[in-house]
Amino acid sequence: MSRSDLSRMIEEARRVVVFTGAGISTESGIPDFRSPGGVWSKMKPIYFQEFVDDPIKRREAWRRTFTGAAGWTGASPNAGHLAVARLVRSGKAKAVITQNVDNLHQDSGVPPDKVIELHGNASFAKCLDCEERHELDELKDSFLKAGEIPYCRRCGGLVKTAVVSFGQSMPHEPMARAQQVSLNCDLFLVLGSSLVVYPAAGFPLMAKRNGAALAIVNREPTELDVYANLVLNEEIGEVMAEVTSA
Ligand code: APR
Ligand code: ZN
């Protein structure tokens, strides 16, 4: 299978859904999770209940956020994101389901209402009780200077980045939208995911079982290659720039 096969599949499709993982953001300098040297080789995930129960874990979670330890802050979209934005702009792609929390699809010009964030967004924080939004900038100084863990300005509840942590329930509305677009597409295009985390990794399968073609562009083999119509083990930026160039 080659890039021209992928070009033809995109050409022939009328309703593409793009599904992205951390692999589309590594070319922006954000480490992925499971490649050698990835985030989980350097630090253990902090589970939701740990964040709620243990002030030490809460402090560590905020330290990672404010020191950029997880690499999400300050990155810019790369050729892969820009290619996806072209597919959306041309009307070919109806939605972008992403597991990423780096906001780079929105930053690359994909309208926010076309981005379905399954694992939330790391660019702002929310109160766990009343959902009040808090900007990271307003919390950063007091944390870095006085080590103060952020509490909600409105109700005093715990504040956490708007990322869905392990053990935290999945956001209902994005999950429902992801299901709706996965069942409605004729081409499901996976870019940069190892496809090992569920329920997110269930959407490619759902689309395929519902009659869509499944294409996977990923540096390494994935768990779902066996179901795919096309697999390209190549760099996303290069491939997607080529197959979406006008
Ligand atoms: N081009 C193509 N593939 C790439 C590139 C690239 N430039 N860079 C990395 N990859 C591939 C890697 O080979 C890897 O298989 O992207 C994949 C990324 O897989 P993971 O690191 O497992 O990331 P992801 O699939 O998004 O993880 C899913 O796990 O930890 C949780 O919540 C976290 O959303 C994340 C979820
Ligand atoms: Zn609150």
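A polar side-chain atom of Ser194 sits 2.6 Å from an oxygen atom of ligand 1, a polar contact (N or O atoms within 3.5 Å). This is a predicted model, where local features need pLDDT of at least 70, side-chain atom pairs count only at pLDDT 80 or more, and totals for chains, interfaces and linings use all residues. Residues are numbered from 1 along each chain as written, chains are lettered from A and ligands numbered from 1 in written order, and side-chain values use heavy atoms, leaving out hydrogens and water.

**Around ligand 1**
- A backbone N or O atom of Ala22 lies 2.8 Å from an oxygen atom of the ligand.
- Over at Glu235, a side-chain N or O atom is 3.0 Å from a ligand nitrogen.
- The protein covers 96% of the 740 Å² of accessible area that ligand 1 has on its own (Shrake-Rupley, 1.4 Å probe).
- There are 23 residues around the ligand, with Glu27, Phe33, Arg34, Ser193 and Ser194 coming nearest (a heavy atom within 4 Å counts as near).
- That shell splits into six nonpolar, ten polar and seven charged residues, with Gly counted as polar.

- S7 (187-191) and S8 (213-217) pair in parallel over five bridges, and Val190 has Ile216 in S8 as its bridge partner.

Notes
Pairing = 2+ DSSP bridges. Helix = DSSP H or I, 4+ residues; strand = E, 2+ residues; numbered from the N terminus. Polar contact = N/O pair within 3.5 Å; in protein donor to acceptor, adjacent residues only side chain to side chain.
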